[in-house]
Amino acid sequence: MRPSGRKLDQMRVVSIETGVTKHAEGSCLIKCGDTHVLCTATVEDKAPSFLKGTGLGWVTAEYGMLPRATNTRNRREAAAGKQSGRTQEIQRLIGRALRAGVDRVALGERQIVVDCDVIQADGGTRCASITGGWVALRLAVNKMIKAGAVTSDPIVDHVAAVSCGIYAGQPVLDLDYAEDSEAGTDGNFILTGRGRLIEVQMSAEGATFSRDEMSKLLDHAEAGIAALVEAQKAAI
């Protein structure tokens with residue numbers, strides 16, 4: 001039995017509310033159970049200097065967690081004077097994932113920055129950030145298309161992410177914190193709307209896992225991603 005009472009292949013309740021901030025070109029608040037992330041997308045009219053003259057655009061991300069997003073207060077990283085290694089790793093992952101769904105030639109020499117701020121954390125914050133970040137990106141690009149800033153749609157597919165793991169000896173979908181903290185195996189799966197793999201992060205946290213178990217987790221992930229893509233479509 002899962003702590004939440006969910007079935008092994010059952011997602012947490014997912015909701016995506018769009019247009020939640022006034023100034024960002026694209027924004028949404030994604031809720032995956034008790035994990036809540038505010039995602040905004042900002043369009044900048046020039047690409048990073050390393051892309052100057054290439055005709056290619058860029059999508060990047062920044063990630064942060066509010067001090068009381070968790071059970072105990074975490075010190076703001078700005079107060080510490082530097083980002084943690086975890087934060088840097090997650091925001092690079094979000095950027096890589098979102099770029100996989102973008103035609104950078106069609107985007108042109110401009111940059112879109114996706115900010116993901118965790119308001120409340122209960123497991124799967126990076127996955128929620130990717131899924132919600134795509135919605136914010138999609139909305140920002142829609143504004144660009146409407147304004148005539150691009151001649152063709154630079155977004156080629158949906159991008160979404162979900163966690164899966166081995167909890168109490170069983171493969172489960174969409175881990176919350178109670179499961180994630182006790183899971184023998186933990187994995188994050190990032191896929192396109194067409195089911196193409198972008199990135200898989202898997203590790204044995206307390207016990208090794210078999211190839212068969214990994215296949216079952218991938219099956220769970222594919223079903224979870226399909227549900228998340230439907231939520232994205234409904235939101236936009």
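Contact, in my notes, means heavy atoms within 4.5 Å. I'm working on a predicted model, where local features need pLDDT of at least 70, side-chain atom pairs count only at pLDDT 80 or more, and totals for chains, interfaces and linings use all residues. Residues are numbered from 1 along each chain as its sequence is written, and side-chain values use heavy atoms, with hydrogens and water left out.

**Entry: R6**

I found R6 in the segment before β1 (14-18); strands are DSSP runs of E, at least two residues, and helices are runs of H or I, at least four, numbered from the N terminus. R6 counts as buried because its relative accessibility is 10%, and buried means under 20% relative accessible area (1.4 Å probe, protein chains only).

Leaving out residues up to four places away in sequence, I listed what R6 touches: M11, R12, L173, D174, L175, D176 and E179. The side chain of R6 also reaches the backbone oxygen of Q10 at 2.9 Å. A polar atom of that R6 side chain lies 3.0 Å from the backbone oxygen of D174.

**Entry: the sheet**

Which order do the 5 strands of the open sheet take? I read β1-β2-β3-β5-β4, with mixed pairing. Two strands pair if DSSP finds at least two bridges between them. The edge strands are β1 and β4 (58-65), each pairing on one side only.

I then checked β1 with β2 (residues 26-32): they pair in the antiparallel sense over 5 bridges. I16 has I30 in β2 as its bridge partner.

Conventions. Buried < 20%, exposed > 50% of the residue type's maximum accessible area, 1.4 Å probe, protein only. Polar contact = N/O pair within 3.5 Å; in protein donor to acceptor, adjacent residues only side chain to side chain.
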